[in-house]
Structure formats: C-alpha cells, structure tokens
Amino acid sequence: MIVLMIEDDKVLASALSDYLALDNIEFDYAYNGESGLNLATRHQYDVILLDIMLPKMNGYTVCQMLRERGISTPILMMTARDSLDDKLEGFCAGADDYVTKPFAMAELYARLNALVKRSKGQVANKLQIEDLTLDLDKHQAFRGKTPLELSPLSWKLLLMLAQHSPSIVTKEELMQEVWGEETSANNVKVQIHKLRQSVDKPFSQPLIQSISKVGFVLRGVH
C-alpha cells in the first residue's frame, strides 16, 4: 500500500508512518495543502490520508480540487473537528471516510485498508489469513476445511485479530472493542488461551502470536 499523507503536524506524521511501516506501508509526505495537491495530481497512490486544518490550502479544498481533476483515489480525512457539519462538508468535498483525532492506530489502519480493498473491488464477506477463513455472514471459522468450534466471545476476539492482521492488537484495544467495558488483563489472557485451543492447538502451524508487553497478532510464522 502506498499512502500520501498530507499533514502539517510532523510529529504525528512520523508516529503514524512508524506504526504503519510495520505493515510494509510506504508513504509520501506533504506538510501543506498546495504541495499535497501537487503530489496527488502527479503521482498514483492507493489512498490519501488528508488533514483538514492545513497551511496554504485546507483539506476540504484539496479534496474538492482533486475530485474536480478526475482523481478518484480514496481519501480518508482526519481532524480534531468532530461536528456533524464538519463531517458533511468533508463528504460533500469528495472524501470517502472520516476519522476524528485522537484515534487508535489500529482503527486508522483498518480504515485505510478497507478503503483500498473497496477501491480495488476486493470487498468480500470472508477474511483469509493463511489457511484460516472467517465467513462474516455465517459467523463461522475454518482451518482449511475443518470448522472451528467458537463461543460468541471467541468469535469476537478472532474477528478483531483477523480484521487487523498482520498488525498487532494491543490488550487495551481488545478490552475496549471486545468487552466494551472494564475487564482484567488476566481475563484477556484466559480468553486468548481458550481461543488458541480452537484455532491453533489441533493444527501444525500456530497463527495467534503473543507480543510481549504489547498484545497479540494473527499471522503465519515464516
């Protein structure tokens, strides 16, 4: 994935690129609206990550001018302004999605990935990681052709890991997204252990990996 990031906050831009570079995402940078517009016009990108409050030309104008020039690259707007009017203005200018600061890195990655897949016609009702398949319509999972027995909680855990694969999901993100309320780190550990009993234990290749002091990731071992 090649991303054009148009963001005047160089500290934030660096933090985003460092995080997303772990997934082999490449970046071009622009720190004001005019240079961002020029780069987006001259080069081909999979997705554009566009701040709204920019020097020289704001994000709304950049987005609108790109669409007027016939450039259909997916655009994800990001801003600290979260009112409905701000969001509607972004969509009217031609944005495809909108994320409000502060945001979780994993959410940003998921949104970028979804936009790129949609633009390439890859949206499907199944997720595939190695020999693991998740049928999103039926809430069923398979290793190869073998169906996995999963509780509703295990399914939610597995789905979140799969949606963010090959990125790491932190324990805090799992707590917030899966439980939606306070739970203990020990409970997360227990539930991941139960998930491994279904997803990994009967098979030769484990897919759920623990990242010490950080969280978990779903990916093959190469």
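Mentor: Start with the rings: Phe 27, Tyr 29 and Tyr 31 make up one aromatic cluster. Rings of Phe, Tyr and Trp (its six-membered ring) pair if their centres lie within 6.5 Å. Planes under 30 degrees apart count as stacked, over 60 as edge-to-face and the rest as tilted.

Trainee: Before we go on, what kind of model is this?
Mentor: This is a predicted model, where local features need pLDDT of at least 70, side-chain atom pairs count only at pLDDT 80 or more, and totals for chains, interfaces and linings use all residues. Residues are numbered from 1 along each chain as its sequence is written, and side-chain values use heavy atoms, with hydrogens and water left out.

Trainee: Okay, back to the rings. How many aromatic pairs are there?
Mentor: The count is three aromatic pairs. One of them is Phe 27 with Tyr 29, which is stacked, at 6.0 Å centre to centre and 15° between the planes. Tyr 29 also pairs with Tyr 31: the centres are 6.3 Å apart and the planes are at 10°, so this pair is stacked.

Trainee: Is Phe 27 buried or exposed?
Mentor: Phe 27 is buried, with a relative accessible area of 15%. Buried means under 20% relative accessible area, exposed over 50%, partly exposed in between (1.4 Å probe, protein chains only). Tyr 29 is partly exposed at 34%, and Tyr 31 is partly exposed at 33%.

Trainee: Let's zoom out. How many helices and strands are in the chain?
Mentor: The protein chain has eight helices and twelve strands. Both are DSSP runs, numbered from the N terminus: helices are H or I with at least four residues, strands are E with at least two. Of the 222 residues, 45% are buried. The C-alpha atoms fill a box of roughly 55 × 35 × 35 Å along the principal axes.

Trainee: What angle do α6 and α8 cross at?
Mentor: Roughly 85°, and the axes of α6 (residues 152-164) and α8 (residues 185-199) come within 10 Å. That makes α6 roughly perpendicular to α8. The cut-offs: under 35 degrees is roughly parallel, over 145 roughly antiparallel, 65 to 115 roughly perpendicular, and the rest oblique. Axes are lines fitted to C-alpha atoms, for helices over the stretch in contact, and angles run from 0 to 180 degrees between N-to-C directions.

Trainee: Which residues in α6 and α8 meet?
Mentor: From α6, Leu 153, Ser 154, Leu 157, Leu 158 and Leu 161. They meet Gln 191, Ile 192, Leu 195 and Val 199 in α8. Contact means heavy atoms within 4.5 Å.

Trainee: New topic. How many disulfides?
Mentor: The count is zero disulfides, a disulfide being a pair of cysteine sulfur atoms within 2.5 Å. For Cys 63, the nearest cysteine sulfur is that of Cys 92, 10 Å away. Cys 63 is buried, at 0% relative accessible area. Cys 92 counts as exposed, at 72%.

Trainee: Last one. Where is Pro 74?
Mentor: Pro 74 is in the loop between α3 (59-68) and β4 (75-79). Pro 74 is buried, with a relative accessible area of 8%. Leaving aside neighbours within four places in sequence, Pro 74 is in contact with residues including Asp 46, Arg 67 and Leu 115. Pro 74 and Val 116 are 42 residues apart in sequence, yet 7.1 Å apart in space, C-alpha to C-alpha.
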